[in-house]
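Visitor: I am new to this structure and would like to learn how to read it feature by feature. Could you take me through it slowly?

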Amino acid sequence: MKRKSFLQLGAGALITLPAILQGQQSPATLSAKTDPLPSEKVKDFVIAGHGNLDKVKSMLTELPTLLYATWDWGGGDFETAIEGAGHVGNKEIANYLIGIGARTSLFVLTMLGKTKIVKTWLEAYPEYLFARGPHGLTLLHHAQKGGDDAKELLDYLQAKGLKETKSKL
């Protein structure tokens, strides 16, 4: 490369580089956290998740990250909106939230009657049969709330020895 070409290339880089760098965010900027969600909004959203789809949608329009929010009812009893939908058997809300990317759990999938997923999980982790969800509600409770969709899982869980629908947290 000739000296003149090299200098022209270098000058171009000096002019272009700051513009490129200005559009990039530093690692510190990328990891900067915003303020926590307002606690009353989180609580209201989790409550709405049990049975008020219109309110769920409205609140997500205002604060989209409520989708991932967890409310602490105290004593280690944490719950998300999708978990609320799960333990009351609200398939419409559970499916809506899953459809927009909510983190789900085996409890919700049990209520929805996702037999293949739940059985595969429990075959891989049999001790999870006795896990407790929000409020100490078991997989058996969620299968009962799932009705006909979860009938096969209800029978399966009982055959595996699950008898309790609720246990102490």
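This is a predicted model: local features need pLDDT of at least 70, side-chain atom pairs count only at pLDDT 80 or more; totals for chains, interfaces and linings use all residues.

Visitor: How many helices and strands does the chain have, and in what order do the elements run from the N terminus on?

Guide: The chain has 10 helices and 2 strands, and from the N terminus on its elements run α-α-α-α-β-β-α-α-α-α-α-α. Of the 169 residues of the chain, 36% count as buried. Among the contacts between residues at least 6 apart in sequence, 63% join residues that are at least 24 apart.

Visitor: How should I read a helix such as α5, and how many of its residues are buried?

Guide: The general idea is that an α-helix has 3.6 residues a turn, so residues three or four places apart point the same way. In this structure, α5, which spans residues 81–88, is mostly covered, with 7 of its 8 residues buried; these are A81, I82, E83, G84, A85, G86 and H87.

Visitor: Which elements do the buried residues of α5 pack against?

Guide: They pack against the helices α3 (39–49), α6 (91–99), α7 (106–111) and α9 (139–145), and also against the strand β2 (78–79).

Visitor: Which residues touch the most other members of the largest nonpolar core?

Guide: That core has 22 residues, and those touching the most other members are F45, L60, L66, A94 and L97. Two or more residues come to this core from each of α3, α4 (53–62), α5, α6 and α7. There is also a second, separate core of 16 residues, which includes L129, A131, A150 and L154.

Visitor: If I follow L60, which residues is it in contact with, leaving aside its neighbours within four places in sequence?

Guide: With those neighbours left aside, L60 is in contact with F45, L66, L67, Y96, L97 and I100. Y96 has a further feature, for K57 lies over the face of its ring, at 5.1 Å from the ring centre.

Visitor: Is T115 buried or exposed, and which residues does it touch beyond four places in sequence?

Guide: T115 lies in helix α8, which covers residues 115–124. Burial requires a relative accessible area under 20%, and because T115 has 14% relative accessibility, it counts as buried. Not counting residues up to four places away in sequence, T115 touches E152 and L153.

Visitor: How do I read aromatic pairs, and how many are found in the whole structure?

Guide: A pair of aromatic rings is described by the distance of the centres and the angle of the planes. A search of the whole structure finds 4 such pairs. The rings of W71 and W73 have centres 6.2 Å apart and planes at 75 degrees, so this pair is edge-to-face. W71 is buried, with a relative accessible area of 16%, whereas W73, at 34%, counts as partly exposed.

Visitor: What is the arrangement of the pair formed by W121 and Y125?

Guide: That pair is tilted, with 5.2 Å from centre to centre and 40 degrees between the planes. W121 is partly exposed, with a relative accessible area of 39%, and Y125, at 44%, also counts as partly exposed. W121 and Y125 belong to one aromatic cluster together with F107 and Y128.

Technical notes: Residues are numbered from 1 along each chain as its sequence is written. Side-chain values use heavy atoms; hydrogens and water are left out. Buried means under 20% relative accessible area, exposed over 50%, partly exposed in between (1.4 Å probe, protein chains only). Helices (H or I, at least four residues) and strands (E, at least two) are DSSP runs, numbered from the N terminus. Contact means heavy atoms within 4.5 Å. A nonpolar core is a set of buried Ala, Val, Leu, Ile, Met, Phe, Trp, Tyr and Cys residues joined through side-chain atoms within 4.5 Å. Rings of Phe, Tyr and Trp (its six-membered ring) pair if their centres lie within 6.5 Å; planes under 30 degrees apart count as stacked, over 60 as edge-to-face and the rest as tilted. A charge sits over a ring if NZ of Lys or CZ of Arg is within 6 Å of the ring centre and within 35 degrees of the ring normal.
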